[in-house]
Amino acid sequence: FFFFFFFQAEDGIRDAQESRGLGDVYKRQPKKAAAPQGAGNGVYVAKWGSENAEAAKAAFSVCGAITSVQIRRNKFALVFFETAAGAKKAIDTFNGKTVCGSTVTVTPAKTSPKKDAHEGTSVVFVGPYFAESTPRKVLIDLFKSAGKIQKVRTYANHTAFIYYDNAASASKAVKDINGKELNQKTLTVKPSVRSAATDKAKRAHALTMIQVTNWKVAQTGHK
């Protein structure tokens with residue numbers, strides 16, 4: 001009796017040439033990319049304590065220009081520099097040292113800075129806004145000083161959203177109007193993740209869901 005064993009190479013079907021063996025097959029497998037070694041420009045600051053991002057920026061700015069600071073659960077900080085040299089200097093300077101009253105451990109960050117969801121937004125959140133006592137025109141007159149307003153949306157929970165035609169106007173509104181008083185109420189004005197495009201997409205999705213529901217009712221005859 002003769003037994004034949006056929007081997008299908010992992011890298012595809014062999015051509016007419018003679019197989020060069022299992023060792024050769026595995027040699028020709030593409031090498032896996034090395035695991036990333038960290039963000040390069042960032043440092044992880046353990047035992048940071050209760051200080052805020054501004055305090056971290058002030059402390060670590062001696063090592064180089066800082067692009068981002070993130071505080072996580074008031075226990076550690078992530079500080080990102082413009083260059084890897086800044087991160088290295090921060091480790092050499094502050095690791096094991098007392099910073100803002102806490103002895104910190106500073107090591108290379110294994111992550112990259114999160115993109116700010118508000119970056120480039122042309123919409124600002126406003127609160128509190130009481131439509132019952134403050135006419136809509138008063139609100140618009142206050143915020144149009146920052147730029148051209150495309151639309152204003154107000155809500156029953158005493159909040160409003162101002163849609164500008166560009167991001168620079170939204171930034172100016174936050175800078176100039178946040179903390180001002182309107183009808184004896186101190187306003188909070190901050191960037192919003194909203195946009196006219198996302199609002200349109202949400203409305204389209206809601207309309208689609210209504211149409212699907214109506215179709216199902218028509219098919220079954222039941223709500």
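User: In this predicted model, where is the place of Pro128?
Analyst: Pro128 sits in the loop between strand E7 (123-127) and helix H4 (136-143).

User: What kind of peptide bond joins Gly127 and Pro128, cis or trans?
Analyst: The bond is cis, with omega at about -5 degrees. As background, most peptide bonds are trans.

User: Why is Ser50 called exposed?
Analyst: The relative accessibility of Ser50 is 64%, and exposed means over 50%, so Ser50 counts as exposed. Ser50 belongs to the loop between strand E1 (42-46) and helix H2 (53-60).

User: How many residues apart in sequence are Ser50 and Gly101, and what is the C-alpha to C-alpha distance?
Analyst: Ser50 and Gly101 are 51 residues apart in sequence, with 9.9 Å from C-alpha to C-alpha.

User: What is the phi of Lys47?
Analyst: Lys47 has a phi near 60 degrees, which is positive, and Lys47 is a residue other than glycine. In general, most residues other than glycine have a negative phi. Lys47 is located in the loop between E1 and H2.

User: Why does Lys47 count as exposed?
Analyst: Relative accessibility is 56% for Lys47; the cut-off for exposed is over 50%, so Lys47 counts as exposed.

User: Why is Asn183 called partly exposed?
Analyst: Asn183 has 40% relative accessibility. Buried is under 20% and exposed is over 50%, with partly exposed in between, so Asn183 counts as partly exposed. The loop that holds Asn183 runs between strand E10 (181-182) and strand E11 (185-186), and the phi of Asn183 is positive, near 55 degrees.

Methods. Residues numbered from 1 in each chain as written. Predicted model: local features only at pLDDT ≥ 70, side-chain atom pairs only at ≥ 80, totals over all residues. Heavy atoms only, no water. Helix = DSSP H or I, 4+ residues; strand = E, 2+ residues; numbered from the N terminus. Buried < 20%, exposed > 50% of the residue type's maximum accessible area, 1.4 Å probe, protein only.
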